[in-house]
Amino acid sequence: MSVAATRRLTTAQALVRFLAAQYTERDGVRHRLIAGTWGIFGHGNVAGLGQALVEYREAMPYHQGRNEQAMVHAAVGHARQLDRLSAQAVTTSIGPGATNLVTGAALATINRLPVLLLPGDYFASHAADPLLQQLEHPVEADVSVNDALRPVSRYFDRINRPEALLASALKAMRVLTDPAETGAVTLALPQDVQAEAYDWPEEFFADRIWRVRRPAPDPAELADAVQLIRSAARPLIVAGGGVHHSEAEGALKTLVDATGIPVASTQAGKGALRHDHPADLGGIGHTGTAVSDELARTADLVIGVGTRYSDFTTASGTLFQHPDVRFLNLNITAFDAHKLAAGTLVCDARAGLTALAEALPGHRVDAAYETEYRAGKARWEETVEAVFRADDDGAVPTQTQVLGALDAVVGDEDVVINAAGSLPGDLHKLWRARSPRQYHLEYGYSCMGYEIPAALGVQQAAPGTPVWALVGDGTYLMNPTEIVTAVQENLPVKLVLVQNHGYASIGGLSESVGAERFGTDYRHRVADGSFTGAPLPVDLAANAASLGMDVLRAKTVRELREALVTARAATRPTCVYVETAPPSADLPAEAWWDVPVAEVSAREAATGARKAYERAVADRRHHL
């Protein structure tokens with residue numbers, strides 16, 4: 001009887017070799033599954049994974065981060081840019097290095113984006129107990145801080161023996177590559193086990209291909225879906241991020257061109273159609289366009305494609321107001337497909353859209369309906385032009401004029417990244433997406449500090465592509481440190497840093513709910529606890545320069561345009577810094593968003609806000 005070949009390696013070495021041999025394949029195109037590993041080393045991973053990454057540095061690229069949360073954001077940006085077909089790993093020490101992963105893991109899982117987390121852990125043997133940074137639990141000795149990652153991970157395991165990795169590593173790859181299950185995957189690695197040697201079967205290190213499925217629709221569900229569409233007079237497609245993840249933009253266009261059904265998009269789905277397609281109505285929901293939300297209120301069939309229907313999309317249950325509205329959800333996960341008591345089409349987005357187009361020959365919406373939504377689209381385009389336009393090139397630009405200037409500079413291939421603050425609302429309403437990957441908004445978790453590290457991941461995934469990170473001063477102060485990583489890795493990301501001296505989005509929300517903008521400005525505090533009108537003497541442009549960026553200061557609209565052109569052509573990390581003027585006229589929300597207001601208060605601002613809240617919440621519907 002022959003003896004199976006083995007290789008004696010440490011657990012950490014075996015894991016790195018295994019990860020380097022994993023691939024995805026969809027539609028005959030192969031990608032490396034784990035394209036690289038981000039890491040910050042400390043006790044808990046320096047002698048295990050740190051040594052293994054040195055041992056096999058030719059097989060596994062390593063990227064040095066500055067903040068553990070930011071490393072996860074970078075990996076998420078990479079995965080989204082490559083349609084979830086390639087991911088990156090993130091390794092940290094035990095203790096604060098590991099707990100810093102939690103926010104990034106939640107972001108990845110909420111957005112259904114794959115990332116592999118490899119935090120160090122305590123001694124499995126308990127030989128050193130307690131050790132530095134250990135969280136001691138009086139009755140559960142197997143608990144560590146890594147258990148905080150359980151609820152935000154789609155798969156979690158602690159590798160307490162070397163041979164446990166054999167099964168767990170395969171399970172981890174399955175989840176990372178399953179479009180219906182993917183998200184953050186955590187393998188907690190006790191530091192003694194990382195360094196322990198084991199005789200690993202050679203088969204563990206063989207190249208392995210994980211085929212990413214495109215499940216077809218069930219014939220009965222497809223027939224029901226076709227009947228729903230044929231019987232609808234005012235159908236509306238809501239395109240979510242699943243359209244992009246499935247590379248289904250072409251299939252969506254084919255269906256829309258044939259049927260004339262208009263398309264509104266979530267934050268994750270924007271760009272599913274080009275902005276100038278006659279059926280593209282722009283964003284939907286609380287931050288949507290007037291034309292999208294007007295049609296949503298009167299739609300008798302809402303066709304959700306790859307969306308999870310967040311409260312921003314549904315206007316907290318107040319948007320879809322047709323008395324007989326029905327829902328049809330095309331989604332690869334049954335969990336999302338069944339939302340809003342919908343008819344379901346559980347399948348891959350491209351496969352489902354293609355099947356619908358083939359099953360609806362000759363079907364088209366009424367010409368009057370097309371005329372109506374095209375007229376609404378034209379009216380909204382006039383609004384966009386008005387808020388983008390600057391009549392005085394020597395004036396200080398508003399935030400929307402900053403977007404207008406950028407809109408005039410970018411090409412179809414550029415990627416624009418944002419996540420939090422007042423910019424997502426303006427971008428969702430106004431940005432004219434030219435290609436499927438141009439609009440990169442992380443709004444599932446709306447995480448301040450995402451934009452700069454995500455830009456690094458996108459730039460790694462798409463070398464040569466101009467990548468823009470749009471951040472306000474609040475977001476910048478949360479997490480600017482990956483600028484150093486961009487400089488170190490020579491990643492020519494472009495940062496547009498908008499200074500408006502506070503939390504503009506939350507400031508506006510605070511005012512609307514009766515909290516009087518308390519705690520939302522960056523101002524000097526005086527003896528009574530209030531704030532003066534003077535902004536803090538903080539120079540964020542100088543800070544960006546101190547971290548290694550080239551910085552261009554723009555004070556006027558003209559200078560801003562020139563700076564953006566220069567930044568786009570730059571071959572190293574470049575920041576365009578601009579202080580904005582207050583908008584001449586606010587772009588009001590076209591739909592409501594539920595933020596409960598104090599039911600009782602002695603302050604007039606809160607009592608007035610409560611009355612407005614009660615009027616709005618009365619429109620909420622439970623779609624059953």
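With which residue does D178 form a salt bridge, and how far apart are the closest N and O atoms? The partner is R213, at 3.2 Å, where a salt bridge denotes a side-chain nitrogen of Lys or Arg within 4 Å of a carboxyl oxygen of Asp or Glu. D178 lies in the loop between α6 (164–177) and β9 (184–190) and R213 in the loop between β11 (208–211) and α8 (219–231), so the pair ties together parts that are 35 residues apart in sequence. Helices (H or I, at least four residues) and strands (E, at least two) are DSSP runs, numbered from the N terminus.

This is a predicted model, in which local features need pLDDT of at least 70 and side-chain atom pairs count only at pLDDT 80 or more, while totals for chains, interfaces and linings use all residues. Residues are numbered from 1 along each chain as its sequence is written, and side-chain values use heavy atoms, with hydrogens and water left out.

The whole structure holds 39 salt bridges, including these:

| Pair | N to O distance |
|---|---|
| D178 and R213 | 3.2 Å |
| D178 and R174 | 3.9 Å |
| D412 and R274 | 3.3 Å |

D178 is buried, with a relative accessible area of 8%, whereas R174 is partly exposed at 38%. Buried means under 20% relative accessible area, exposed over 50%, and partly exposed in between (1.4 Å probe, protein chains only).

K429, in helix α17 (residues 423–430), is buried yet has no salt bridge. The nearest side chain of opposite charge, D426, is 5.5 Å away; Lys and Arg count as positive and Asp and Glu as negative, with His and the chain ends not counted.
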